[in-house]
Amino acid sequence: MLNRRNRNIYNPLGFMEKNFLPYIIGIIGENAIQAFCVNIVLAVLMKDIFNAAVEFNRSLLIRAVIIALSSLMIALALKPIFTYMYSKAAKKTMKKIRLKAYNHMTELPVSYFEREHSGDTMSRLTNDIKVIEDIYNVQIKRICFILFLGVGSTALMFIYEWKLALFAVIVEILSVFISVRIAKRMRKISDRVQIKKSKTNEKFLDVVVGFKTTKIFQIEDEIVDDYKEQSDNLTKQIKKRDNLNALINAAGLFFYSAKSTGILILGIYMIMKNSADIGTLVAIFNLQNNMGVLFNLGDILGKLQNSMAGVGRVANLLDEKTESHKFDDLVKKTPNDSMIKLKDVVFSYDDKKVLDNLSITAKKGESIALVGKSGCGKSTIAKLLLGFYELKDGDIFIDNKSVYNYSLEELRNKLAYVPQNPYLFDGTIKDNIRYGHLNSTDEEIISSAKMANAHDFIMEQENGYDTLIGEEGAKLSGGQKQRIAIARAINKGSSILLLDEATSALDSEAEEKIQQTIDRLMKSNTVLIIAHRLATIKNVDKIYVIDDGKVVECGSHEQLMLNESLYSKLYKTQCS
Amino acid sequence: MNKRGNQIISILSFGKSYKMWLFTCILFSLLDVAVNILIPYAGKKIVDIISIENGNEEFLTSVWFMVTLLLMGTINIFFRKLSISRFTEYTIRNLRNNLTSHIQKLPFNSFKKHHSGDLASRSNTDIDLITTLLTQISDFIYEPLIFICAVIYGLILNWKLLLVTVIVLGLATVLNNFATKPISKFSSKLQKEFGRANSLIQDTVKGNYIVKSFNLKKVLQNNYQSSQTSLYNLEMQIVKRRLFTLTITTFLLTFPLVVINLYGGSLTFAGEMTIGEFTAFIAIIAYLGHPVIRLITLVSNMKAANGAAERINEILNYKIEETSKDKYITNKETDIAVAFENVSFSYDDKTTVLTDINFKLPKNKTVALVGVSGGGKSTILNLVCGFYNITNGKIKVFGNEINKIDLKTLRAQISMVTQDTHIYPTTVAKNIGYGKKNSTREEIINAAKISNAHEFIVNLSDGYDTILTESGSNLSGGQKQRITIARAILKDAPILLLDEPTSALDNNSEKLIDEALKKFTKNKSVLVVAHRFSTIKNADEILLLNNGQIAERGNHDELIESDTLYRKLYLKQYKESENNNLFEGMSYNA
Ligand SMILES: Nc1ncnc2c1ncn2[C@@H]1O[C@H](COP(=O)(O)OP(=O)(O)OP(=O)(O)O)[C@@H](O)[C@H]1O
Ligand SMILES: Nc1ncnc2c1ncn2[C@@H]1O[C@H](COP(=O)(O)OP(=O)(O)OP(=O)(O)O)[C@@H](O)[C@H]1O
Ligand SMILES: [Mg+2]
Ligand SMILES: [Mg+2]
């Protein structure tokens with residue numbers, strides 16, 4: 001709540017840049033024409049018609065018609081031009097903002113995505129951006145119109161009959177004063193409604209996402225009760241808002257009635273005293289009606305301020321630091337010929353050290369494995385190689401060059417990664433494998449799938465490679481998902497392969513087939529395997545045993561089995 | 001099948017107990033009609049004073065009449081708004097809560113038909129559309145009534161002017177409606193394009209690891225750009241159309257007023273009506289034109305809300321998991337915890353996943369499921385929980401046929417560790433505590449100790465009160481798994497289903513968990529799926545699933561003796577194992 005107050009005010013028009021001029025000309029032009037050439041002219045027309053009717057003055061009638069029709073014609077001719085001008089400027093700007101926000105989001109570091117709820121980021125990119133469009137196309141436009149019509153009508157009233165005008169202005173000021181006060185409260189409540197609404201949505205997602213677990217542990221009631229609690233809170237806030245809304249409506253009508261009856265009665269009284277004519281009264285009656293739009297100013301300004309919160313949220317996203325990568329021209333070579341080399345790496349997510357002076361090397365064509373207790377930092381090492389996080393200290397070298405000699409893109413092109421929890425996109429099997437290498441042909445996709453031992457089960461699916469796999473691969477078994485992820489990585493064809501528990505959900509037959517593939521890949525590529533099942537890593541050239549963020553043992557399977565190493569103990573427990 | 005028009009009606013039934021609010025609103029709307037039509041009449045009286053000599057007294061009565069009317073109008077509008085708001089709020093709240101708890105009660109296969117984003121949009125956007133309609137529902141009475149009253153009063157004032165007004169306004173409205181029509185055909189295209197852009201965003205956010213490591217940034221950016229470009233082009237097309245219609249609309253909304261004023265003026269000029277009557281007539285023009293435009297909007301809102309209601313009803317019409325059946329009978333004395341009798345199953349009624357499965361899990365014993373990936377192991381566990389309906393055969397839990405008993409009481413007997421871990425975005429303690437209602441901190445810690453999670457949990461920044469992020473991304477794979485094991489242990493149900501519970505764990509943790517579980521499962525019936533043979537070889541019976549059938553069965557020693565697929569798979573895992581005597585050790589139920 002506090003930082004809400006301290007939030008910077010972002011200028012939504014700042015996004016416009018060179019579209020600003022056409023926008024502002026267009027929006028002013030359109031609303032000036034609408035206010036003056038349509039609404040105000042109608043009042044003038046009424047004045048003349050009534051006076052003509054009372055005075056039996058035919059030429060006045062004709063003059064009135066000519067003025068009315070000609071200004072209407074002007075409006076019809078010019079208004080579309082202005083409308084086009086500002087609409088185009090606004091749409092162009094919106095496109096620019098959307099692209100900018102999206103592109104920026106793709107540049108954000110992994111830590112951002114781990115920190116923020118995905119629903120939140122998505123709503124910034126969709127709902128909040130839409131709010132900006134509302135500012136351009138609705139709110140600013142309304143404000144312009146209100147100002148032109150309100151101020152123009154007031155001025156004309158004073159010209160026609162200052163006493164009546166003065167009365168109207170006094171009542172109007174009172175009403176605007178009240179309206180602004182109510183609007184302020186309204187804004188607060190609307191803010192709260194919005195917050196409760198997004199809370200309710202979050203709870204709804206909890207219902208949808210944890211479906212199975214929720215059912216087994218029979219916490220349906222708890223989860224739904226959580227939802228209902230939020231939903232009831234939401235209703236409470238909405239009730240408050242609606243009460244205020246009813247009040248605003250009633251107050252608006254009250255002031256409007258007071259003003260118009262007052263004018264009517266005063267006017268008639270003046271006419272009876274012969275100090276005014278009926279035409280003027282009718283015109284003023286119309287003009288005060290127009291002036292009444294000023295009452296909405298409080299409301300619209302409040303809404304604008306609300307929208308500013310949305311602008312702020314988009315701006316915050318744009319202010320998020322992108323992935324930083326200290327690119328360095330000065331080529332830093334490693335002393336020896338290595339494909340992967342971590343040198344004295346220190347890393348922590350928060351303040352607890354996860355890796356502490358850790359060093360690992362894999363020569364070209366060599367394969368290495370990382371083993372160790374769950375939570376000791378194996379996945380972290382893989383993610384560091386991909387440049388997901390910044391090192392606290394130490395160096396990483398890929399293919400003999402420091403990672404800082406690569407751009408992030410070049411770096412990631414060198415590595416094919418199978419994460420511990422592979423994310424599959426909602427789409428076909430083929431598309432998911434293709435994401436490894438976008439220009440790959442169907443043959444290449446099939447051959448990658450064969451290498452990942454996935455081809456057979458894919459062919460058993462209803463539509464083969466074109467089978468839709470559902471949200472996050474829901475229609476596949478655990479091992480099937482893993483094999484698609486492996487196929488995707490193989491399809492990338494990079495010189496380094498990172499496998500993080502890539503076969504943990506596979507049976508030994510499938511695993512062995514993949515093992516053969518990996519063995520084959522090991523000949524030409526450098527492979528880093530993270531695995532708990534030690535039987536799967538016996539063939540690698542070097543095994544690193546990690547504990548407490550450090551390498552505690554290192555060597556081939558045979559070497560490590562010779563002495564009383566931690567590894568040999570681990571190995572024996574597993575095979576017992 | 002519900003007819004299209006009825007969709008809203010069924011939604012309205014959620015407001016049944018609040019109908020008094022609706023009636024109140026209708027009552028005040030009727031009052032409002034009366035007040036609003038009397039105001040021009042009072043105005044006429046006041047204006048006509050001008051032409052009366054010495055009309056002071058009459059002036060005063062008219063003024064009082066007017067003031068009373070206006071005050072009544074103010075009160076009316078307040079209560080009209082308030083009562084319809086109450087009606088809407090409560091109805092919508094009921095709808096929202098019912099929809100959510102209905103979704104929660106759906107059987108798996110109905111639920112899985114929808115993307116979570118789709119369900120979320122139904123609970124959001126669609127409910128908003130219905131809200132909009134409900135707040136306007138009394139207008140369906142108010143607007144036609146005020147129109148009729150205005151016509152009658154107009155007839156009394158001057159029938160010629162009324163005729164001209166109705167013709168001019170009617171023509172304008174029809175033309176206007178015609179002019180604005182073609183736009184709606186763009187909106188569905190627009191909606192589709194927005195949908196495409198949004199799913200791109202979702203993929204980018206949720207799959208950010210993949211986007212980064214596979215350098216998909218550029219491609220996705222290009223895709224997004226092309227989607228934005230076509231959105232822009234579509235929208236500009238709409239803008240251009242709208243320019244044309246806007247011009248027509250401006251004309252149609254102003255021109256009739258000019259005509260009516262002129263004609264009215266000339267009628268007054270000719271002495272056919274008084275100034276006061278003319279004034280009153282001008283006041284009722286709004287009631288002649290506005291209701292028509294309003295009704296057009298109402299009808300289009302109605303259509304939108306109806307579509308929304310249809311989408312919501314689609315969900316509400318799915319049958320929920322049956323709960324009305326017999327309660328689970330606990331005193332059925334049987335030694336068989338779970339029994340499958342000739343069970344066949346298919347997810348989509350096309351490809352069979354399981355055929356003719358027969359097995360028994362005796363009380364306090366362990367049965368292990370092994371086999372190739374995709375063989376149907378997880379499916380069997382899902383079936384025990386009653387997530388899907390089987391096509392053939394019987395599944396019995398403690399002698400109760402599961403499709404004949406209340407699923408809640410069934411699931412009270414079962415605890416499960418699923419293959420995909422699910423972490424709720426809340427504290428560690430709460431994540432584990434979900435296993436058992438009102439569990440104490442001691443019980444939670446105890447469960448965490450059995451699952452070997454206690455040690456790492458206390459090392460987290462806030463210990464048991466550390467808040468886990470969405471899908472537990474601030475934990476390692478094995479840590480997440482241990483939290484879900486702790487949750488299952490806390491539940492302490494007689495049947496325990498384990499789907500690869502330790503696949504992401506190192507040997508040490510696994511061994512510790514296995515040992516702790518051994519004690520824990522002494523009086524539990526366990527069905528365990530595992531690829532690691534060390535986990536399963538001490539099971540009382542091992543079932544090997546292949547292609548949805550039980551290909552081999554027996555205990556480890558029996559299976560390893562003969563030339564089985566099991567032996568083949570087993571030996572593969574220990575192909576190069578030097579030490580055969582290491583193949584001994586712990587089990588769950590030894
Ligand atoms: N995004 C994160 N934010 C904060 N802490 C994290 C994050 N990811 C991991 N950790 C912590 O860092 C440590 C190392 O995690 P990592 O995922 O590297 O373990 P791991 O060796 O892969 O374990 P496992 O075998 O269980 O997958 C763990 O203690 C974990 O809780
Ligand atoms: N929700 C679903 N809809 C349609 N098909 C499914 C669904 N879930 C699983 N399947 C299919 O059913 C078959 C059996 O899947 P199941 O998850 O039971 O395999 P599994 O034996 O557990 O495999 P794994 O060891 O890889 O986890 C697979 O071919 C899978 O593609
Ligand atoms: Mg890991
Ligand atoms: Mg499975």
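Is B:Glu500 buried or exposed? See the first close-up for the answer. A quick note before the views: this is a predicted model, in which local features need pLDDT of at least 70 and side-chain atom pairs count only at pLDDT 80 or more, while totals for chains, interfaces and linings use all residues. Residues are numbered from 1 along each chain as its sequence is written, chains are lettered from A and ligands numbered from 1 in the order in which they are written, and side-chain values use heavy atoms, with hydrogens and water left out.

View 1. B:Glu500 is buried, with a relative accessible area of 5%. Here buried means under 20% relative accessible area, exposed means over 50%, and partly exposed is in between (1.4 Å probe, protein chains only). Look for B:Glu500 in the loop between β7 (495-499) and α18 (507-520) of chain B. Helices (H or I, at least four residues) and strands (E, at least two) are DSSP runs, numbered from the N terminus.

**View 2. A:Asn453, a non-glycine residue with positive phi in chain A.** The phi of A:Asn453 is about 55°. A:Asn453 sits in the loop between α14 (442-451) and α15 (455-460) of chain A. With a relative accessibility of 12%, A:Asn453 counts as buried.

**View 3. Ligand 1, between chains A and B.** There are 18 residues around ligand 1, and those that come nearest are A:Gly375, A:Ser379, A:Thr380, B:Ser476 and B:Gly478. To be near a molecule or strand, a residue needs one of its heavy atoms within 4 Å of it. Now for the polar contacts, meaning pairs of N or O atoms within 3.5 Å (within protein, one must be able to donate a hydrogen and the other to accept it, and residues adjacent in sequence count only if both atoms are side-chain atoms). On the chain A side, an N or O atom in the side chain of A:Glu114 is 2.7 Å from a nitrogen atom of ligand 1. A:Lys378 uses a backbone N or O atom, 2.7 Å from an oxygen atom of ligand 1. From chain B, a polar side-chain atom of B:Gln479 lies 2.7 Å from an oxygen atom of ligand 1. On its own, ligand 1 has 640 Å² of accessible area, and the protein covers 91% of that. Accessible areas come from the Shrake-Rupley method with a 1.4 Å probe; for residues, only the protein chains shown count as cover. Two or more shell residues come from α11 (378-385) of chain A, and likewise from α17 of chain B. By class, the shell around ligand 1 holds three nonpolar, 13 polar and two charged residues. In this scheme Ala, Val, Leu, Ile, Met, Phe, Trp, Tyr, Cys and Pro are nonpolar, Asp, Glu, Lys and Arg are charged, and the others, Gly among them, are polar.

**View 4. B:Gly478, one of the residues that come nearest to ligand 1.** This glycine belongs to helix α17 (residues 477-491) of chain B. B:Gly478 counts as buried, at 2% relative accessibility. B:Ser509 is 31 residues away along the chain, yet its C-alpha atom is separated from that of B:Gly478 by 9.1 Å.

**View 5. Ligand 2, in a site shared between chains.** Residues from both A and B surround ligand 2, so the site is shared. The shell counts 20 residues, with A:Ser477, A:Gly479, B:Lys377, B:Ser378 and B:Thr379 the closest. At least two shell residues each come from α16 (478-492) of chain A and α12 (377-384) of chain B. Sorted by class, the shell around ligand 2 has five nonpolar, 13 polar and two charged residues.

**View 6. B:Gly548, a buried loop glycine.** B:Gly548 lies between β9 (541-546) and β10 (549-554) of chain B. Its relative accessible area is 1%.
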